[in-house]
Amino acid sequence: MNPTVVIALGGAALLRHGDSLEAGVQRANIVRAVRSVAKIASTHNVVVTHGNAPQVALLSLQAEAYAQVPPYPLDVLGAETEGMIGYLIEQELRNFLPKREVVSLLTQVEVSPDDPAFKNPSVLTGPAYNQGQAQNLAQKRGWKMMAVNDQLWRRAVPSPEPLRILELAAIRQLVTAGAVVVCAGGGGIPVTVTPQGIVRGVEAVIEKDYAAALLAREIGATALLLLTDVDAAYEAWGTNFKRPIRETMPELLRKISFAPGSMMPKIEAACRFVKAGGGFAGIGLLEDAALILEGSRGTVVRNSGVSLDFISRKQSAKQPGPTTISRAAAKQAVKQSGPTTISRAAKRSAQPASMTLPLTKPPGKTK
């Protein structure tokens, strides 16, 4: 059987900043995304996941416009968006891959009712409200509202850890049969399961990248690609010394600080997958998906000693050679992460370029 790749399409990959939420715009973006997915699916088994936050916000606004019916709970909105986006991705995948079976699957993901996240809702979802509207919703519906700025508020919901994918056996069978599977959209539909086996949806949002890592691990995927609108994970992002991290291990990557709401979940998902025995994880641009899989673009996260040679069918994957950073950046990198390879050209350069965190075990680590 061909190696399996899980491709997680981030919300930013499907809906660019400033884009309208109208159906035509979303379809055009999905065509762009599917073009990258189809290239990989021509030589690999592929499972696709996707974000859904803007679509959930739109459905919430539409529900507010019809006051005769109470708004649907968040798990139902998640199911609606998973079906809608899955339909669009499935249709375009069929257009690009007419000889492949493509299946979009509503996916329920079990969470624990005792997860600490239920006592501390922290993920913002849905539309923004003014203070008066927010106070009214908090009293009327029991929602926790959090300020976005001085004028706007949004609903905060729990984000529990994904524990189990209920449709896992079906996904495995479909992948084994050679189908391209679209599933676990938006992190999947959060549900709880009683000791008697009764399944019920809950008002929560599962971090989609964590769900993708769980999915990749459970189906035995060779690689996990976390695709977004930046070309790599950056160390020192937002400073003059920012530089893309090209290749590293989970132990080292977890020592670096990343933005909690955007890049951090991808970093943690990549680390979880690799630490659980996955081949490697890649983070980068949607358009670079095939090159990330070859190890020549984006950020590659892997365990020391794991080869990338299996990735490319046409040629052996080339591991990145020594990359360059400035002297000042090198000093900062060494201080944080240990030895870094610096080319002669880098020593003469005043501009920070990219860096490769060491693949050897860091000093003081015994395992």
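## Aromatic pair and charges over rings

In this predicted model, one aromatic pair is found in a search of the whole structure; rings of Phe, Tyr and Trp (its six-membered ring) pair if their centres lie within 6.5 Å, with planes under 30 degrees apart counted as stacked, over 60 as edge-to-face and the rest as tilted. The ring centres of tyrosine 234 and tryptophan 237 are 5.1 Å apart and the planes stand at 65°, so the pair is edge-to-face. Burial is assigned by relative accessible area: buried means under 20%, exposed over 50%, and partly exposed in between (1.4 Å probe, protein chains only). Tyrosine 234 is buried at 15%, whereas tryptophan 237 is exposed at 54%.

The ring of tyrosine 234 also has the charged end of lysine 242 over it, 6.0 Å from its centre. Elsewhere, arginine 141 lies over the face of tryptophan 143, at 4.9 Å from the ring centre. A charge sits over a ring if NZ of Lys or CZ of Arg is within 6 Å of the ring centre and within 35 degrees of the ring normal.

## Basis of the values

Residues are numbered from 1 along each chain as its sequence is written, and side-chain values use heavy atoms, with hydrogens and water left out. As the model is predicted, local features need pLDDT of at least 70 and side-chain atom pairs count only at pLDDT 80 or more, while totals for chains, interfaces and linings use all residues.

## Overall architecture

The chain contains 12 helices and 17 strands; helices (H or I, at least four residues) and strands (E, at least two) are DSSP runs, numbered from the N terminus. Of its 367 residues, 49% are buried. Among contacts (heavy atoms within 4.5 Å) with a separation of 6 or more, 71% join residues 24 or more positions apart.

## Nonpolar cores

In soluble globular proteins, nonpolar side chains tend to be buried together. A nonpolar core is a set of buried Ala, Val, Leu, Ile, Met, Phe, Trp, Tyr and Cys residues joined through side-chain atoms within 4.5 Å. The largest such core has 42 residues, of which Ile171, Leu215 and Leu224 touch the most other members. At least two residues of this core come from each of strand S1 (4–9), helix H6 (168–176), helix H7 (208–218), strand S12 (223–228), helix H9 (263–275) and strand S16 (280–285).

Not counting residues up to four places away in sequence, leucine 224 touches Val6, Ala212, Ala213, Ala216, Ala269, Phe273, Phe280, Ala281 and Gly282. A second, separate core comprises 31 residues, including Leu14, Val48, Leu88 and Ala223.

On a 1 Å grid over the protein atoms alone, a cavity is a set of points where a 1.4 Å probe fits but cannot get out, and its lining residues have an atom within 4 Å of a point. Grid points are joined across faces, edges and corners, and a volume is the space filled by probe spheres set on the points. Two cavities of 30 Å³ or more are counted by this rule. The largest has a volume of about 40 Å³ and is lined by Leu14, Leu15, Gln26, Ile30, Gln55 and Ile85.

Glutamine 55 belongs to helix H3 (residues 53–64) and is buried, with a relative accessible area of 6%. Apart from its neighbours within four places in sequence, glutamine 55 contacts Leu21, Gln26, Thr81, Met84 and Ile85.

Valine 182, in strand S9 (residues 180–182), is buried at 2% relative accessible area. Beyond neighbours within four places in sequence, valine 182 contacts Val48, His50, Gly86, Ile89, Leu93, Val103, Ser104 and Leu105.

Arginine 172, in helix H6, is partly exposed at 39% relative accessibility. Arginine 172 and glutamate 218 are separated by 46 residues in sequence and by 8.9 Å between C-alpha atoms. With neighbours within four places left aside, arginine 172 is in contact with Glu218 and Ile219.

## Positive phi angles

Most residues other than glycine have a negative phi. Alanine 184 has a positive phi near 55°; this residue lies in the loop between S9 and strand S10 (189–193) and is buried at 2% relative accessible area.

Alanine 236 likewise has a positive phi, of about 60°. Its loop runs between strand S13 (234–235) and strand S14 (243–244), and alanine 236 is buried, with a relative accessible area of 15%.

Terms used
1 Å grid on protein atoms, 1.4 Å probe; cavity = no way out; pocket = protein on both sides within 12 Å on 5 of 7 lines; lining within 4 Å.
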